[in-house]
Amino acid sequence: MNWVILLVAGLFEIGWAIGLKYTEGFSRLWPTVWTILSMVLSVGLLGVAMKTLPVGTAYAVWVGVGAIGTALLGIILFNEPANAARLASLALILAGIIGLKLSMP
C-alpha cells in the first residue's frame, strides 16, 4: 500500500511542478492555491510512505516519478523538445525506479 501512496505523492509532485508555471511567479491566486495544496499533499504522502519504505528508495522514486511526469507534461503542454536523447534519459530514470522497486525484499 505504501508504494501506491508513494506513487500518488509523485503525481502530486508533478502537479505542483507544473502548477508553478501557471502561478506566474505566485501572482495568480487560484493556480497558487492549487500549487501549494499539491506541495503539501505531495510531501505529506511522501512522509506517510516513508513509515515503512527506506528513505533513500522512497525519495528517489518520488523524485523520479515527478521528474518523468513533469518532463512529459512539459513536452505536451509547453512544447518543450522531445528529442531522442531527452526521451532516452527519461527512460533511464524509469529503469532506475523499476530497479529500486524490484530490489525491495
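Visitor: What share of the 105 residues in the protein chain is buried?
Guide: This is a predicted model, where local features need pLDDT of at least 70, side-chain atom pairs count only at pLDDT 80 or more, and totals for chains, interfaces and linings use all residues. Residues are numbered from 1 along each chain as its sequence is written, and side-chain values use heavy atoms, without hydrogens and water. Buried means under 20% relative accessible area, exposed means over 50%, and partly exposed is in between (1.4 Å probe, protein chains only). Of the 105 residues, the buried ones make up 31%.

Visitor: In what order do the elements of the protein chain run from the N terminus?
Guide: Helices (H or I, at least four residues) and strands (E, at least two) are DSSP runs, numbered from the N terminus. The protein chain has four helices and zero strands. Read from the N terminus, the order is α-α-α-α.

Visitor: How far apart are the end C-alpha atoms of residues 84-102?
Guide: UniProt, in an unreviewed entry, lists "transmembrane region" at residues 33-50, 57-78 and 84-102; positions follow the numbering used here, feature names are shortened, and annotations may be inferred rather than shown by experiment. Residues 33-50 are 94% helix and 0% strand, with end C-alpha atoms 26 Å apart. Residues 84-102 are 100% helix and 0% strand, and their end C-alpha atoms are separated by 26 Å.

Visitor: Which side chain of opposite charge is nearest to Glu13?
Guide: Glu13 sits in helix H1 (residues 2-23), and beyond residues up to four places away in sequence, Glu13 touches Ser42, Trp62, Val63 and Gly66; contact means heavy atoms within 4.5 Å. For charge, Lys and Arg count as positive and Asp and Glu as negative, with His and the chain ends not counted. Glu13 is buried yet has no salt bridge. At 14 Å, the nearest side chain of opposite charge is that of Arg86.

Visitor: Which partner does Arg86 meet in a salt bridge?
Guide: A salt bridge is a side-chain nitrogen of Lys or Arg within 4 Å of a carboxyl oxygen of Asp or Glu, and the structure holds two of them. Arg86 is partly exposed because its relative accessible area is 24%. With 3.2 Å from N to O, the partner of Arg86 is Glu80.

Visitor: How far apart are the closest N and O atoms in the salt bridge of Arg28 with Glu24?
Guide: Arg28 has a relative accessible area of 35%, so this residue is partly exposed. Glu24 reaches 54% relative accessibility and therefore counts as exposed. The closest N and O atoms of this pair are separated by 4.0 Å.

Visitor: Is Ile97 buried or exposed?
Guide: Ile97 belongs to helix H4 (residues 84-102). Leaving aside neighbours within four places in sequence, Ile97 contacts Val61, Gly64, Val65 and Ile68. Ala58 is 39 residues away from Ile97 in sequence, and their C-alpha atoms are 9.7 Å apart. With a relative accessibility of 13%, Ile97 therefore counts as buried.

Visitor: What is the area of the nonpolar surface patch that includes Trp30?
Guide: Patches are made of residues with over 30% relative accessible area and no salt bridge: like charges are joined within 9 Å, and nonpolar side chains (Val, Leu, Ile, Met, Phe, Trp, Tyr) within 5 Å. Accessible areas come from the Shrake-Rupley method with a 1.4 Å probe, and for residues only the protein chains shown count as cover. Trp30, in helix H2 (residues 29-49), is exposed because its relative accessible area is 56%. Together with Leu29, Val33, Trp34, Leu37 and Leu41, Trp30 makes a patch of about 630 Å².
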